[in-house]
Amino acid sequence: MDQDEVFERRYRAVRSRDRRFDGQFYTAVSSTRIYCRPSCPAQTPKPENVTFYSTSAAAHEHGYRACKRCLPEAAPGTPEWNTRQDLAGRAMRLIREGTMNDGGVEALSARLGYSSRHLHRTLSAELGAGPLALARAHRIHLARSLLVGTSLPITEIAFASGFSSVRQFNDTARSVLGAAPREIRQRAHRSAGTARESAEAGGSSGFTESSLVRPFGADSPPAQRLALRLALPVRDPFNAVALFTFLAERAIPGVEFTQLDGEALVYARTLRLAHGPAAIQVTATPASPGQARDDPAPSCLHWRLHLECELSAWADIPAAVAVARRLFDLDADPLAVGAALSTDPALAPLVARSPGLRIPGTADGPEYLIRAIVGQQISVAAARTHLSRLVDALGTEHASSFAGLSRLFPTAEQISAGVPAPPSRAGSAPPALDPERPLRLPARSITTVRTAAAALTSGALGVHQGADTRELHDQLTAMPGIGQWTASYLMLRVLGDPDVWMTGDIVLLTGAKKLGLLEPGLNKAAAHRTLESHARRWSPWRSYAAMHLWQAAATPPAHTHHVMPERTLQHENP
C-alpha cells in the first residue's frame, strides 16, 4: 500500500470517527498545532492540514501537543509493536516495559544487541522519533494515567513514570499535554465529580471509581506498602471469559489465583520486578450491568478492566502495567483479526461465536520457559501438579493482601541450585530416586530444565520482550529436549507473536477435524502438513486462529466461547 492509499484510509477513519483506530495512529493538524486520536469528536480537519504519525512521540517532535478533548494519550496501545518483529517493534516493547528508566538509551541498546547510534537511526527512520523521544512519550502517557487515576503525590508520579526530575516532568506535561500536572489532575477531578453527580441524579452511570491509592492495613508486610488501582484501557470486543478461564486452568497455587464465579472475573499473581517483589490483580467486570455473565454469548459483552498493584517501589509501576497489558493482550485489534480470519468459511462461525478472543500472555519469560519444558508431553493438570511441587520446594515465601498469593516462582538460579541432576544409570540396578525431589519427571526432562536454567543464569539465553523471535526460536530448538512445538508455543505466549503456527499440536488437529478441514483417514504426519499448509491463509494472525481451533477441539461448537482445552500442552515434538 503506497503512501497516498495509507493517507486516504486513515483520513476515512478520521472522517467517520472510527474508534477502532485509536492508539494505532495520530492525527496532527497544522492549523491548530494539536494532535488527536482518530475518533476525536472535534470538527474534521481539512486533508491539506493533516499529517498522520504512527507514534505520539513523532507528533511531539514536530511541535504538536495533545488534544485536551479526546485525550489521545489515554487510548489503548497500538497492536503494531506486537505484530512487528523487527528492531523497531522489539525496541518499543522494551520501552513500554520501562527499560530506559534506569539505564537510558545504553541499557536499551545493550538489551537489543545494537549500538545506540544504529538504534537511534533506525527508530528515527521507522517511527519518526528517536528512543529518548519515544520513552518520553510513554512516560507522559503513564504519568497522565497516574495523575487522573490515583491520588499519588505529583513528585512520586514524576519518578514513578521514569522522569529524572520534577522539573522535567512539568516541562514535558506543558509541552505535550498543554497543562501543568496539577492542572491536569484538577481538571480530571472536576470532570469526575460532574459525572458522579450526574449518575446520582439518574443520569449516565459511566463514571467508575478507580482513582484512589488503596492503603494497607497495620499488619501489612513492610515490603508491600505501596499500592494503587488503575483502569486498563481495552478495545472491544474482549473475550474475558475465555481468557480468564485459560489462565485459571494453568494457575499455580500460591503464585497465581483466579476467581471465575460471582459478578467479576479475577486473576492475581506474584512478580519479581526490578526493585523487589510485587503482586498484581486484574479484575474484569461487565460494562453493561443488565447483561449477566451466563448470557448465551458472554464474550460479546463489553468489559471494564482494573489493575491493582502491590509494589516495592513506585518505579516498578511501568513494568507492572506492562505485565498486565501483556498477560491480557490488551493492545490487540480484535476487529482486524476477526475480519481477516472470517474470510475463511471454516473459521468464520468460530469467530462469530467467540469475538474478541485474545492470546494469553505471560508475566515472566524465564519462568514460562521452565513451565513450558515441565509441561511437555503431559496434560495441563499434570503440569500444574509438578510445578506446584517445584514452587513449594524452591519458591520464596511472599506475603500479599491479595487472596491466594503466598509464593514467588523460583528464579533460574534457585532452580539450578535446587533441582538435582538425575542419577546415573550406570550398572544393572535402576537408580535410586529421592521421593522428596522437587521435580518427579523423566531424567531427560530434568536435564532440559537444568540446562535452560543454567543458560538463563549465565545470560547465554535471554527470554524477554526485546528478543528477536527467529534467533530465540533457533536458540531454544538447539537445546536438547526442546522441540519445534515448545519453541513456537513460547513465541506465542512469551513474545505475543500473532503469527505462530505450532506444527505437531494434536489439539489443533482435533479442532481442524471438527471443522472439516482434514480428510478422514489421513495419518498424523500428513494431517499436520495439510493443516500447516491451510493455516498459511490465516497469516499474519495464525496464533489467533490456533486459539479458535483449541476452543473448537475442547467443547461443542455451540459453547466454544466458554472454555479453553484442558490438554493444550499435549503435543508431539516433531
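Modeller: Let us begin with a cysteine: C36 is buried, at a relative accessible area of 12%, where buried means under 20%, exposed over 50% and partly exposed in between, with a 1.4 Å probe and protein chains only. This is a predicted model, in which local features need pLDDT of at least 70 and side-chain atom pairs count only at pLDDT 80 or more, while totals for chains, interfaces and linings use all residues. Residues are numbered from 1 along each chain as its sequence is written, and side-chain values use heavy atoms, leaving out hydrogens and water.

Biologist: How many disulfides does a search of the whole structure find?

Modeller: A disulfide is a covalent bond between the sulfur atoms of two cysteines, and the criterion here is a pair of cysteine sulfur atoms within 2.5 Å. The search of the whole structure finds zero. For C36, the closest cysteine sulfur, in C40, lies 3.9 Å away, which is too far for a bond. C70 is likewise in no disulfide, its nearest cysteine sulfur being that of C40 at 3.8 Å, and C70 counts as buried at 9% relative accessibility.

Biologist: Which residues of helix 15 are buried?

Modeller: Helices are DSSP runs of H or I with at least four residues, numbered from the N terminus. In helix 15 (residues 365-374), nine of the ten residues are buried, among them G365, E367, Y368 and R371. At the start of helix 15, a side-chain oxygen of D364 comes within 2.8 Å of the backbone nitrogen of E367.

How values were computed: Helices (H or I, at least four residues) and strands (E, at least two) are DSSP runs, numbered from the N terminus. A polar contact is a pair of N or O atoms within 3.5 Å; within protein, one must be able to donate a hydrogen and the other to accept it, and residues adjacent in sequence count only if both atoms are side-chain atoms.
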